[in-house]
Amino acid sequence: MADTPKPADSAPTPATEPVNDNENKKLSNKELKELKKKEKAAKRAAQKEASGITAEQQQQLTEQKIEKKKLKQAGSGTATASNLKKQLNQTKIKDDRKIPHLFGHLETREQRNASSPAVSHIVHPAILTLTLKYSSYSIVGSVARLTNMLLVFKQVIQDYKTPENTTLTRHLTGHLSHQIEYLKSGRPLSVSMGNAIRWLKQEISHISIDTSERKAKEILCQKIDDFIREKIELSDQIIVEYASSHINAGSTILTYGHSQVLEELFEYCAVEQGKEFNLIIVDSRPLFEGKKLLRNLAKKHVTTNNDGTKSVPITQSRIKVHYVLLNSLSSTLLEDVDCVFLGAHAMLSNGRLFARVGTALIAMMCHTRNIPVLTCCESIKFSDKVQLDSVTNNELADPDDLVVDTSSMEAPRKKSFAVEQFLKQIKQEQNDKKGAFLSKGKSTGDRKDGSEAEEREDEPLKDWKSIPSLNVLNIMYDLTPPEYINKVVTEVGSLPPSSVPVILREYKST
């Protein structure tokens with residue numbers, strides 16, 4: 001009797017059971033779902049075949065349903081921001097121009113300007129106008145772009161009407177996202193514009209649902225005005241007061257390009273404080289922003305008589321200006337420089353200065369000569385991004401702006417001997433391959449050839465696209481290491497570049 005349970009305990013299980021367990025273990029949840037879908041599709045197909053519908057007819061019906069869905073999506077106006085991005089990406093023009101592989105990931109002007117017609121009817125007319133001004137560089141500068149964008153957003157908010165069955169707090173954010181996506185097609189957003197957009201969306205989310213539409217619009221417009229006054233106007237005034245202590249009477253100051261806060265600084269020192277100093281404005285192609293600084297300073301006047309009868313431009317009475325191009329900046333000019341003031345597009349969290357291309361060159365040249373370099377930058381331009389070079393993130397402008405100068409006031413141009421020799425060598429190689437040496441003597445054809453040769457000499461890069469081994473690169477910004485910068489003057493105070501993360505933390509907390 002004691003031996004009877006042993007065969008039951010030791011009896012082997014059927015061979016099929018472990019096989020089924022292994023099969024169930026091999027199938028994952030995803031595979032089980034696919035099997036169920038296939039079983040359902042097979043049952044539907046069998047039912048349709050039983051009712052007399054063939055497999056070909058079933059495929060035609062599915063294709064018709066897919067086409068109907070596409071037509072509905074196209075006619076709906078693409079209400080979401082993700083659909084808007086897809087439309088902008090689909091309508092981008094493939095640029096066949098030559099771009100170095102190192103900068104191949106950057107968008108060209110043609111790719112940015114290409115926008116879908118289905119998007120334009122959603123965009124406010126003021127946004128369309130502002131985008132055109134951005135793309136044509138009528139509005140240049142981080143502060144100018146930020147101010148104009150916020151003023152246009154005020155118009156968009158004032159003309160906005162909340163649709164039925166929704167609230168302003170939820171729908172206005174998406175409506176502004178459409179405007180911002182189109183605004184990006186003109187030029188990439190600056191750091192200050194991105195910070196302001198995040199602030200505005202946060203303020204919209206804080207508005208109560210019970211607030212009426214008219215009251216909510218008034219609150220938002222008032223907050224935009226306060227933001228412009230506090231973060232731009234008052235910040236610039238404080239920065240000017242801090243930076244003016246570094247400009248002494250009779251000193252020589254060097255600056256590069258144009259910055260709104262630096263223009264106010266030089267005007268404040270000359271008009272309000274009555275200081276007489278020398279100013280060296282360094283400029284570069286293709287925007288020639290230094291001309292704008294010089295032109296604006298020449299419009300500022302100071303009264304010389306107590307009765308205020310005589311008014312003289314500050315460029316004649318207080319500031320002695322020297323205007324030079326970046327390629328003509330010699331060491332003789334830098335010998336007399338006492339201090340350098342630079343503007344900023346953004347200050348990164350690792351202390352690097354992201355500014356107009358050419359800024360890093362000037363900072364390096366002055367650092368080697370122990371000339372103090374100061375940067376005037378508002379806290380709205382501070383970014384928590386970290387960047388080690390100017391390749392990964394930059395803005396690629398049109399290379400034709402460097403080849404052909406469209407400015408009405410052309411700066412003196414000096415031909416590059418190296419470029420001329422390179423172009424002559426390329427032309428000689430092309431003529432050798434084609435065998436197109438012409439020797440016709442003195443005739444009218446020779447005169448035409450001579451005139452064409454003179455035109456080529458005047459514009460040596462006119463046909464640069466036809467030369468496969470020549471690329472023209474026009475980038476907008478460069479990166480200056482923190483060891484080349486002595487101080488960063490902000491509305492918080494004059495701090496070293498290593499203190500940028502501290503200012504960022506304080507800015508986010510407020």
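**View 1. Asp 226 and Arg 229 form a salt bridge, their closest N and O atoms being 2.7 Å apart.** A salt bridge here is a side-chain nitrogen of Lys or Arg within 4 Å of a carboxyl oxygen of Asp or Glu. The two residues sit 3 apart in helix α12, so about one helical turn separates them. Arg 229 is partly exposed at 36% relative accessible area (buried means under 20%, exposed over 50%, partly exposed in between, with a 1.4 Å probe and protein chains only). Please note that this is a predicted model, where local features need pLDDT of at least 70, side-chain atom pairs count only at pLDDT 80 or more, and totals for chains, interfaces and linings use all residues. Residues are numbered from 1 along each chain as its sequence is written, and side-chain values use heavy atoms, leaving out hydrogens and water.

**View 2. Lys 223 and Glu 203 join their side chains in a salt bridge of 2.6 Å, N to O.** Lys 223 belongs to helix α12 (residues 213-243) and Glu 203 to helix α11 (residues 191-205), so the pair ties together parts 20 residues apart in sequence. Helices are DSSP runs of H or I with at least four residues, strands are runs of E with at least two, and both are numbered from the N terminus. Lys 223 is partly exposed at 28% relative accessibility, while Glu 203, at 15%, counts as buried.

**View 3. An open sheet of 3 strands runs in the order β7-β8-β10, with antiparallel pairing.** β7 (346-347) and β10 (477-480) are the edges, each with a single partner strand, so one side of each has no neighbour in the sheet. Strands pair if DSSP finds at least two bridges between them; β7 and β8 (residues 353-356) have 2. Ala 346 has Phe 354 of β8 as its bridge partner.
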